Amino acid sequence: MVGDEDGVAVIPRAMAEEVTDAAEQKSRSEESDRAAIATGTWDRTWLDTALDLRPPSS
């Protein structure tokens, strides 16, 4: 069982290492995103595209 400010998760002991590795990788990814946001260099074009609900023009 692990928890942080976002909540609590129950992880099977057999998967602990795999889940820990994935969580650390995600944390590193989010750290670089936070740094890019802080410096104004975050590329969010993927988000603009994902939120554009208009059909593609032909």
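A residue is classed as partly exposed when its relative accessible area falls between the limit for buried, under 20%, and that for exposed, over 50%. In this predicted model, Asp-48 has a relative accessible area of 40% and is therefore partly exposed. The side chain of Asp-48 meets that of Arg-44 in a salt bridge, with a distance of 4.0 Å from N to O. Arg-44, at 43% relative accessibility, likewise counts as partly exposed.

A search of the whole structure finds two salt bridges. Besides the pair formed by Arg-44 and Asp-48, the side chains of Lys-26 and Glu-30 meet in a salt bridge, also at 4.0 Å from N to O. Side chains of opposite charge can pair when their charged atoms come close. Lys-26 and Glu-30 both belong to helix α1, where they are four residues apart, about one turn of the helix. An α-helix has 3.6 residues a turn, so residues three or four places apart point the same way. Lys-26 counts as partly exposed because its relative accessibility is 49%, and Glu-30 falls into the class of partly exposed residues because its value is 35%.

Helix α1 itself spans residues 16-39, a run of 24 residues, and it reaches 35 Å from its first C-alpha to its last, which is close to the 34 Å expected at 1.5 Å a residue. Just after α1, the backbone at Gly-40 takes a positive phi of about 75 degrees. The loop between α1 and α2, the latter comprising residues 45-51, contains Asp-43. The side chain of Asp-43 makes a polar contact of 2.8 Å with the side chain of Thr-45. Asp-43 and Asp-33 are separated by ten residues in sequence, and their C-alpha atoms are 9.0 Å apart in space.

Together with Val-8 and Val-10, Met-1 forms a nonpolar patch on the surface, and the three residues have about 390 Å² of accessible area together.

Technical notes
Residues numbered from 1 in each chain as written. Predicted model: local features only at pLDDT ≥ 70, side-chain atom pairs only at ≥ 80, totals over all residues. Heavy atoms only, no water. Helix = DSSP H or I, 4+ residues; strand = E, 2+ residues; numbered from the N terminus. Expected span 1.5 Å × (residues − 1). Polar contact = N/O pair within 3.5 Å; in protein donor to acceptor, adjacent residues only side chain to side chain. Patch = residues over 30% accessible without salt bridge, like charges linked within 9 Å, V, L, I, M, F, W, Y side chains within 5 Å. Areas by Shrake-Rupley, 256 points an atom, 1.4 Å probe, with all protein chains shown as cover. Buried < 20%, exposed > 50% of the residue type's maximum accessible area, 1.4 Å probe, protein only.
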